[in-house]
Amino acid sequence: MLSCSPTSTHHPHSTSSQHSHPQTQTDRHPSNAPTMASEKSSSDLTLLDFWVSPFGQRVRIALAEKSLPYEYVEEDLLAGKSERLLQSNPVHKKIPVLLHGGKPVNESLIIVQYLDEAFPDTPSLLPSDPYARAQARFWADYVDKKVYDCGSRLWKLKGEPQAQARAEMLEILKTLETELGDKEFFGGEHGFGFVDAAFAPFTPWFMSYEKYGEFKVAEVAPKIAAWAERVGKRESVAKSLYSPDKVYDFIGVLKKMYGIE
Amino acid sequence: MSEPVKLIGCFGSPVVHRAELALRLKGVPYELITEDLNNKSELLLKHNPVHQKVPVLLHGDRPAICESLVIVEYVDEAFDGPPLMPADPLARAAVRFWASFMDKECRESMWMALWTDGEEQAGAISAAKANLTLIEGQLPDGKMFFGGDTIGFLDIAVSGIAHWMEIFEEIAGVRLLTEEEHPTLYRWAREYTANQTVRQCLPDRGRLLAALAPSRDIFVSIAKTMSAHK
């Protein structure tokens with residue numbers, strides 16, 4: 001996943017701090033911290049994460065949807081990976097990692113399913129019908145396989161490879177647009193669901209994709225653009241995501257690190 | 001629950017095998033429609049427009065279910081029969097994790113180990129063997145399968161190691177899975193391929209070898225592309 005952290009002026013959290021509201025993330029007053037994240041460990045949950053990671057944000061959204069208290073731990077990935085991270089996820093050494101009673105669960109979509117199954121009395125993100133579950137898993141997997149990778153190529157590359165990435169991104173957005181159709185959420189009858197949680201964290205990245213790809217999501221995929229606005233207002237999402245400007249600046253930092261102009 | 005089940009597949013595919021085995025383990029009768037992937041049918045393109053790949057599951061009139069592991073979980077949940085997934089949420093998360101690991105890191109490292117050469121290959125062989133060790137570590141002590149006494153989700157997910165690996169090894173002239181280095185995994189592979197239900201949907205070794213061997217050059221060029229994209 002992301003192998004660096006923002007510059008110090010952007011660094012919103014100190015290690016082991018409470019998760020602060022994204023709109024005031026440079027202003028770390030405890031009063032801004034949502035109560036859920038400040039109730040340490042009554043559900044015995046800890047999340048090792050990185051502020052701007054869309055994968056970590058999926059888990060934050062799920063935890064918020066379920067009103068589950070947890071301890072948020074920011075991994076300063078630029079400073080190197082902590083012992084705790086390396087021990088909790090020795091295979092991938094990546095965030096997010098959920099620790100439940102000290103036991104690690106890795107991979108964002110696997111964590112979200114785990115939360116559904118370990119906390120069955122909380123609102124679920126996957127529907128109960130096996131067929132609807134299969135479709136939700138398929139589309140979340142599609143988002144997983146396609147969006148971040150293609151988006152990265154969009155801002156990393158130039159010339160023909162970038163043009164290819166742009167074409168792919170348009171294809172991805174149109175495919176998701178068709179899947180969303182006229183539904184309010186990808187979850188359909190279920191309401192805000194697994195695919196919504198999987199894709200919502202990428203909505204602040206749209207502005208950057210638009211800038212690098214020279215297109216407008218609202219033109220290419222108007223239903224997706226409208227969905228992005230809708231989910232952005234949802235409390236669990238609003239408090240887990242950072243602004244498009246912050247994401248754009250973060251990409252700038254990454255580019256500098258990779259020596260890309 | 002007696003709506004017809006159809007599975008669109010093709011000969012020799014390890015991911016189609018996953019779907020078939022899941023159906024058989026749950027005792028679900030199905031019709032197998034065999035595709036020629038060099039000449040994809042209207043049926044396949046219509047039902048899997050997104051990826052245009054097999055396997056594709058058609059259950060009654062429902063729109064298709066695609067992606068082998070999604071199909072396996074669906075079959076487990078939609079039909080009665082012995083559960084393929086463990087019951088405990090942490091155990092379920094673990095098998096999903098290792099299945100994902102198989103499909104990403106493991107498969108990639110094995111591919112590079114088989115089809116690159118020189119120093120790159122040496123490194124890839126090390127990585128592939130290390131990945132096999134990690135997978136081996138998931139076998140419960142004293143049990144025959146990843147699922148315990150019976151075949152489960154993770155057995156199905158890593159079944160490529162049990163049957164296809166050895167055929168690719170023969171074509172490439174490279175050994176990755178040996179009894180000396182991975183005794184428990186090696187034994188699992190033999191148990192898996194000897195299982196009666198597995199044998200019903202496992203492609204014949206000789207036929208598979210004959211089908212895959214001519215594609216050696218293609219495998220090498222795929223490895224080159226993967227290498228370039230790292």
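How many residues does the contact take from chain A and from chain B? In this predicted model, chain A contributes 26 residues and chain B contributes 25 residues. The size of an interface is often given as the accessible area lost when the parts come together. Here the two chains bury about 2100 Å² between them, and 67% of that area lies on carbon and sulfur atoms.

Charged and polar pairs also occur across this interface. Seven salt bridges are counted between chain A and chain B. In one salt bridge, the side chain of Arg137(A) meets that of Glu77(B), with an N to O distance of 3.2 Å. The rule for polar contacts finds 10 residue pairs across the interface of chain A and chain B, both residues being at pLDDT 80 or more.

On the side of chain A that touches chain B, the elements giving two or more residues are β4 (103-106), α4 (108-118) and α5 (130-156) of chain A. The largest share, 12 residues, comes from α5(A). By residue class, this side of chain A divides into 12 nonpolar, six polar and eight charged residues.

Attention now turns to a helix pair within chain B. Two packed helices are described by the angle between their axes and the distance between the axes. Helix α5 (residues 118-136) of chain B packs against helix α8 (residues 183-194) of chain B at an angle of about 75°, and their axes are 9 Å apart. Because of this angle, α5(B) is roughly perpendicular to α8(B). From α5(B), Leu132(B), Ile135(B) and Glu136(B) meet Pro183(B), Thr184(B) and Leu185(B) of α8(B). The residues of this contact comprise four nonpolar, one polar and one charged.

Methods
Residues numbered from 1 in each chain as written. Chains lettered and ligands numbered in written order. Predicted model: local features only at pLDDT ≥ 70, side-chain atom pairs only at ≥ 80, totals over all residues. Heavy atoms only, no water. Contact = heavy atoms within 4.5 Å. Buried area = accessible area lost by both parts, 1.4 Å probe. Salt bridge = Lys/Arg side-chain N within 4 Å of Asp/Glu carboxyl O. Polar contact = N/O pair within 3.5 Å; in protein donor to acceptor, adjacent residues only side chain to side chain. Helix = DSSP H or I, 4+ residues; strand = E, 2+ residues; numbered from the N terminus. Nonpolar A, V, L, I, M, F, W, Y, C, P; charged D, E, K, R; others polar. Axes fitted to C-alpha atoms, helices over the stretch in contact; angles between N-to-C directions. Parallel < 35°, antiparallel > 145°, perpendicular 65-115°, else oblique.
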